[in-house]
Amino acid sequence: MDAVNGKMFTSAEAGVLWEIILHRRDVRGNRFVDRPVEPEVVEQLLDAALHAPSVGFSQPWQFVLVTDRDTRRRVKESFDEANAAAQPVFAGREDVYARLKLEGILEAPLNIAVFYVPAAAPVLGQTAIEEVGLYSVVCAVQNMWLMARALNVGLGWVSILDPERVRTLLDAPAGHRLVAYLCIGYTDGFYDRPELELLQWEKRREREKCIRRI
């Protein structure tokens, strides 16, 4: 086993990470510009995801890069149907919901579907809480999101989809579970605050309301 000599970071480097976290944004389709994402940038995003923590070092993820226009159009149809079904759930705010732009499936030059791949054998650390495999995949998505922001690339997470329909469209094996459908591309800029906060859909929760001390 290697000696304990991993890199130690400076406070300045920690400050840069905080700025990236603070300014990470969910980019919608009306913000993407007509510019392809370079292959080397896509590789950086994927490498960041592949270095995410995973329970039992299981790495239970698969990334499907989607550029085909017809495939994306069919994914967009799944979004449209799921989005229409969601609208009446928000009683009293249906009109506001209908005006929100919640995806960029066709506008972004690249879509990436992220799947959870269940292990065929028991996984260390997953024997009591089975869902931690899914959580590991979410960690990979967050790594990619932060790297995208560091590279000034926009990323939006679309969750209003029929996951089984998308799995079939992308020819993913049975049993693979869709965790995230990501829209990725350069943007005309980033807002100072999350868009749903700016639109007054939700307010940021105060720190102490998210913490319980025992």
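Trainee: How many helices and strands does the secondary structure of the protein chain come to?

Mentor: Keeping in mind that this is a predicted model, the protein chain has 7 helices and 4 strands, and from the N terminus on these elements run α-α-β-α-α-β-α-β-α-β-α.

Trainee: How do you know whether the span of helix H3 agrees with its number of residues?

Mentor: Helix H3 covers residues 69-86, and at 1.5 Å a residue its 18 residues should span 26 Å; the C-alpha atoms at its ends are 25 Å apart, which agrees.

Trainee: Which residues in H3 are called buried?

Mentor: Buried means under 20% relative accessible area, and in H3 the residues that count as buried are Thr71, Arg72, Val75, Lys76, Ser78, Phe79, Asn83 and Ala86. Seen down the axis of H3, these buried residues fall within an arc of 160°, so they line one face of the helix.

Trainee: What do the buried residues of H3 pack against?

Mentor: Their partners include strand E1 (61-66), helix H4 (94-99) and strand E4 (177-185).

Trainee: What makes the contact between Asp68 and Asp70 a polar contact?

Mentor: The cut-off for such a pair of N or O atoms is 3.5 Å, and at the start of H3 a side-chain oxygen of Asp68 reaches to within 3.3 Å of the backbone nitrogen of Asp70.

Trainee: Why is the radius of gyration of the protein chain said to agree with a compact globule?

Mentor: With 214 residues, a compact globule would have a radius of gyration near 17 Å, and the protein chain has 19 Å, which agrees.

How values were computed. Residues numbered from 1 in each chain as written. Predicted model: local features only at pLDDT ≥ 70, side-chain atom pairs only at ≥ 80, totals over all residues. Heavy atoms only, no water. Helix = DSSP H or I, 4+ residues; strand = E, 2+ residues; numbered from the N terminus. Expected span 1.5 Å × (residues − 1). Buried < 20%, exposed > 50% of the residue type's maximum accessible area, 1.4 Å probe, protein only. Arc of directions from axis to C-beta. Contact = heavy atoms within 4.5 Å. Polar contact = N/O pair within 3.5 Å; in protein donor to acceptor, adjacent residues only side chain to side chain. Rg over C-alpha atoms; globule rule 2.2 N^0.38 Å.
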